Amino acid sequence: MSKSPSRRDVVTAATAAAALAAAPALGTRYARAAAQASSAPKTLSRVDAMLRAAANAAEVPGVVAMAATESGLLYEGAFGKRRLGEATAMTRDTVFRIASMVKLITSVAALQLVEQGKLALDAAVPDIDPAVGAPQVLDGFDAKGVPQLRPAKRPIALRHLLTHTSGFAYRLWDAKAVRYASAFERLPPAQRKQAPRTPLMFDPGEAWQYGTSIDWVGRIVEAVSGDPLDVYFRKNIFDPLGMNDTAFVISPPQRARQASVHRRGPGGALRAEPLEPVAKRLPSAPRSFSGGGGIYSSAPDYLTLLRALMHGGALDGARILGAQTVALMGQNQIGDVDVGVLKTTVPAVSNDVDLLPGVTCKWGFGHMINMQAMAGGRSAGSLTWGGLLNTYYWIDPARKVAAVFMTQVLPFADTRALRLYRQFERGLYDAVKAG
């Protein structure tokens with residue numbers, strides 16, 4: 001029996017031609033990677049079939065999924081509709097709202113400043129606001145429901161912010177933070193003026209809780225670099241890597257390629273929601289952007305960032321981080337503390353979040369890390385996170401696999417989207433083994 005050609009041995013003229021034709025829309029770096037892809041083996045054809053079937057059954061409205069190995073593009077697939085009920089099909093250059101997946105980009109930006117000696121991981125962060133410069137910890141509530149606050153035991157360091165061990169929380173996943181916000185609004189004006197709007201839920205370094213930490217990192221990047229966050233990202237990350245579809249504000253042609261958000265109803269059916277309105281402002285008015293959310297991207301763009309990190313911080317001659325820094329990003333930076341399950345306070349926006357059930361998870365700089373291998377999938381020590389509208393990624397440093405999965409569904413951690421994401425992962429690793 002003859003051995004089937006591997007993905008590294010077979011480069012089809014059709015794939016190369018398609019990649020080159022796509023270059024103006026997707027960037028030359030992506031086109032060069034795509035030109036390395038081989039004819040999909042049967043295992044990848046099964047991935048196509050699985051994603052197509054899910055989109056045809058409206059399990060998700062549409063999906064774009066891509067993956068690469070160290071040698072180039074392994075898989076790309078786009079199925080379903082950008083908006084249910086309309087004719088526009090998903091394409092690989094569809095633009096998505098990727099929400100918290102910007103946190104990885106913000107983390108890269110901060111670590112660039114660490115490499116330049118402008119920030120330090122373990123020193124107190126710059127005093128840009130009393131919330132980080134003189135943090136207060138919520139110790140509970142008295143018998144009348146008044147918040148009890150005290151100064152934090154130690155300063156907040158950049159390490160705490162990058163690893164979500166600062167004490168800052170999102171109300172979406174923290175009932176105590178919800179209670180505090182309600183109590184804060186009931187305080188007399190004089191007391192409200194003295195109380196922080198965003199206290200810490202615990203002392204820095206003593207627990208893990210997903211929250212606004214990276215939003216603060218974004219403000220620190222702006223303060224230290226002197227550039228607005230969008231300008232810093234463009235100059236130091238997006239332009240070097242050729243990420244032309246990643247931005248806080250998209251152009252009319254990009255908006256024409258944008259996928260709509262769909263909300264899952266009680267019976268499981270999806271309903272398309274209107275595209276968010278375009279912000280109106282005077283040309284001279286300043287615009288503020290968040291390091292924790294609010295950005296747009298495409299699957300090819302985000303895979304480019306993942307590939308750069310998988311290659312130790314450089315891709316096609318463009319270096320965004322040193323290899324030693326990238327290695328730190330993928331190491332457990334929270335010690336004996338574990339990443340916990342996020343319990344939702346608003347089920348319409350997010351389910352409870354446990355992306356890797358039964359697996360011990362830690363946090364590095366920018367990623368969650370699974371400490372055990374996933375059956376049929378990623379290795380122990382792989383790096384991952386996602387965005388509110390069910391966009392996800394992972395990097396497997398051991399197997400040299402990086403992948404991105406994008407749809408637009410609420411609530412977060414949607415059961416059907418996550419099941420499809422897992423099926424995509426297992427199909428990819430079957431192909432890697434077959435190759």
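Asp430 counts as partly exposed, at 34% relative accessibility. Lys433 counts as exposed, at 60%. The scale runs as follows: buried is under 20% relative accessible area, exposed is over 50%, and partly exposed is in between (1.4 Å probe, protein chains only). Asp430 and Lys433 form a salt bridge, and their closest N and O atoms are 3.8 Å apart. A salt bridge here needs a side-chain nitrogen of Lys or Arg within 4 Å of a carboxyl oxygen of Asp or Glu. The two residues are three apart in helix 14 (residues 415-434), so about one helical turn separates them.

## Model and overall makeup

This is a predicted model: local features need pLDDT of at least 70, side-chain atom pairs count only at pLDDT 80 or more, and totals for chains, interfaces and linings use all residues. Residues are numbered from 1 along each chain as its sequence is written, and side-chain values use heavy atoms, with hydrogens and water left out.

The protein has 14 helices and 16 strands. These are DSSP runs, numbered from the N terminus: helices are H or I with at least four residues, strands are E with at least two. Of the 435 residues, 55% are buried. Take the contacts between residues at least 6 apart in sequence: 69% of them join residues at least 24 apart. Contact means heavy atoms within 4.5 Å.

## Salt bridges across the chain

The salt-bridge count comes to 25. One of them joins Asp203 and Arg150, with the closest N and O atoms 2.5 Å apart. This pair links distant parts of the chain. Asp203 sits in the loop between helix 8 (189-194) and helix 9, Arg150 sits in strand 5 (residues 147-151), and the two are 53 residues apart. Asp203 is buried, at 2% relative accessible area. Arg150 counts as partly exposed, at 23%.

Lys362 and Asp338 also meet through their side chains, at 2.6 Å from N to O. Lys362 is buried, at 9% relative accessible area. Asp338 is partly exposed, at 41%. Elsewhere, Glu59, Arg416 and Arg419 are linked in a network of salt bridges.

## Helix 4 and its two partners

Helix 4 (residues 102-115) crosses helix 9 (residues 213-225) at roughly 40 degrees, and their axes come within 9 Å. Axes are lines fitted to C-alpha atoms, for helices over the stretch in contact, and angles run from 0 to 180 degrees between N-to-C directions. Helix 4 and helix 9 are therefore oblique to each other. The classes are: under 35 degrees roughly parallel, over 145 roughly antiparallel, 65 to 115 roughly perpendicular, the rest oblique. The crossing is left-handed: the near helix is turned anticlockwise from the far one by less than a right angle. On the helix 4 side, the contact uses Lys103, Thr106, Ser107, Ala109, Ala110 and Leu113. Helix 9 supplies Ile214, Val217, Gly218, Val221 and Val224. By class, that is seven nonpolar residues, three polar and one charged. Nonpolar covers Ala, Val, Leu, Ile, Met, Phe, Trp, Tyr, Cys and Pro; charged covers Asp, Glu, Lys and Arg; the others, Gly among them, are polar.

Helix 4 also crosses helix 12 (residues 299-310), at roughly 45 degrees, with axes that come within 11 Å. Helix 4 and helix 12 are therefore oblique, and this crossing is left-handed. Leu104, Ile105 and Val108 of helix 4 meet Tyr302, Leu305, Leu306 and Leu309 of helix 12. The contact has seven nonpolar residues, no polar and no charged.

## Helix 3 against helix 14

Helix 3 (residues 42-56) packs on helix 14 at about 170 degrees, with the axes 8 Å apart. That makes the two roughly antiparallel. From helix 3, the contact takes Thr43, Leu44, Val47, Met50, Leu51 and Ala54. Helix 14 contributes residues including Leu420, Phe424, Leu428 and Asp430. The contact divides into 10 nonpolar, three polar and one charged.

## Backbone details

The peptide bond from Leu410 to Pro411 is cis, with omega near 5 degrees. Pro411 lies in the loop between strand 16 (409-410) and helix 14.

Asp316 is not a glycine, yet has a positive phi of about 50 degrees. Its loop runs between strand 9 (314-315) and strand 10 (318-319), and Asp316 counts as partly exposed, at 40%. Asn390, also not a glycine, has a positive phi of about 65 degrees. Asn390 lies between strand 13 (383-387) and strand 14 (391-396), in the loop, and counts as buried, at 0%.
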